[in-house]
Amino acid sequence: MQVKPPVITVDGPSGTGKGTLCSQVSRWLQWNLLDSGALYRILALLAQRENIDVSNAVEVAGLARTELDVQFIAVAGEPSIKVTLDGADIDAQIRKEDCGNAASQLGGYVEVREAILGWQRSFQRPPGLVADGRDMGTVVFPAAELKIFLTASPEERAKRRYKQLNVKGIDVSFQNLLTEMAERDNRDKQRNISPLRPAEDAIVIDTSASGIENVFAQVSALIKQRFELPV
Ligand code: C5P
């Protein structure tokens, strides 16, 4: 039997530092990265481009295909990654709040989640994968060797997201962001299919009062315990 490449899953609501942590861990280990939220956002963007209503779950699900060339590219000197679709930099477009809201709506449809499952799993390639999302440890990679679940207070998460969007030149109001994030979190937690929750074997880390260096130190120590690393 062929041994599958190892997987580390990092789940949790937005603004907990998942993206930065995953990007740092994947660079450190030289493993592949999957930002699953970006796939939902890309579907929202494609639906917009093709004039498909996001409430049309069946048609949107039809847009999810493994042959769409999505790359997560590390940018030198920047903590986050850049997403490209068929070679084009679409990062700023998919990070906008309208795409985020549509992505959150799409996340509630069974058809879309099922269509996206194989696409997400196609990122499990050698030497290993770091997967960032809401249901990576519970549904997409239930056999992952290490599962992390990040949490943080709503205010702290909104502050971080606000800063992140500002750095990317995206202008938003803090109050709107706080309200929208709370709505999205509730939707993610309450939905029937793949609700946001830690896997039973996940290690939960509260990042409210910790800088990313501290979180990275904790997670890299766990990785060293769990995997035999060449270094
Ligand atoms: O993580 P990000 O904010 O980019 O994700 C956008 C939306 O996609 C989330 O609000 C969530 O509703 C949905 N999502 C999901 N399952 C995932 C990743 C994202 O439902 N694994």
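Residues are numbered from 1 along each chain as its sequence is written, and side-chain values use heavy atoms, with hydrogens and water left out. Because the model is predicted, local features need pLDDT of at least 70 and side-chain atom pairs count only at pLDDT 80 or more, while totals for chains, interfaces and linings use all residues.

**Helix pairs**

Two packed helices are described by the angle between their axes and the distance between the axes. Helices here are DSSP runs (H or I, at least four residues), as are strands (E, at least two), numbered from the N terminus. Axes are lines fitted to C-alpha atoms, for helices over the stretch in contact, and angles run from 0 to 180 degrees between N-to-C directions.

| Pair | Angle | Handedness of crossing |
|---|---|---|
| α1 (residues 18–29) and α10 (residues 212–226) | about 45° | right-handed |
| α2 (residues 36–49) and α6 (residues 110–121) | roughly 125° | right-handed |
| α5 (residues 97–106) and α9 (residues 174–190) | about 20° | left-handed |

A crossing is left-handed if the near helix is turned anticlockwise from the far one by less than a right angle, and right-handed if clockwise.

Let's start with α1 and α10, whose axes are 10 Å apart at an angle of about 45°. That angle makes α1 oblique to α10 (under 35 degrees counts as roughly parallel, over 145 as roughly antiparallel, 65 to 115 as roughly perpendicular and the rest as oblique). Contact means heavy atoms within 4.5 Å. On the α1 side, the residues are Thr20, Leu21, Gln24, Val25, Trp28 and Leu29, and they meet α10 residues including Phe216 and Ile223. By class, this contact has nine nonpolar, three polar and one charged residues. Here Ala, Val, Leu, Ile, Met, Phe, Trp, Tyr, Cys and Pro count as nonpolar, Asp, Glu, Lys and Arg as charged, and the others, Gly among them, as polar.

Next come α2 and α6, whose axes come within 11 Å and cross at roughly 125°. This makes α2 oblique to α6. Ser36, Leu39, Tyr40, Ile42 and Leu43 of α2 meet Val112, Arg113, Ile116, Trp119 and Gln120 of α6. Seven of these residues are nonpolar, two are polar and one is charged.

From α5 come Glu97, Gly100, Asn101, Ser104 and Gln105, and from α9 come Leu177, Glu180, Arg184, Arg187 and Asp188. One residue of this contact is nonpolar, four are polar and five are charged.

**Around the ligand**

There are 15 residues around the ligand, and Arg41, Arg113, Arg134, Asp135 and Asp188 come nearest; a residue counts as near if one of its heavy atoms lies within 4 Å. Polar side-chain atoms of arginine 41 and aspartate 188 each lie 2.6 Å from an oxygen atom of the ligand. For aspartate 135, a polar side-chain atom lies 2.9 Å from a ligand nitrogen atom. Asp188 also takes part in the contact of α5 with α9, and Arg113 in that of α2 with α6.

**Two backbone details**

Proline 126 and proline 127 are joined by a cis peptide bond, with omega about 5°. Proline 127 sits in the loop between α6 and β6 (129–133). Glutamine 30 is a residue other than glycine with a positive phi, near 65°, and it is found in the loop between α1 and β2 (32–35).

Definitions and conventions: Polar contact = N/O pair within 3.5 Å; in protein donor to acceptor, adjacent residues only side chain to side chain.
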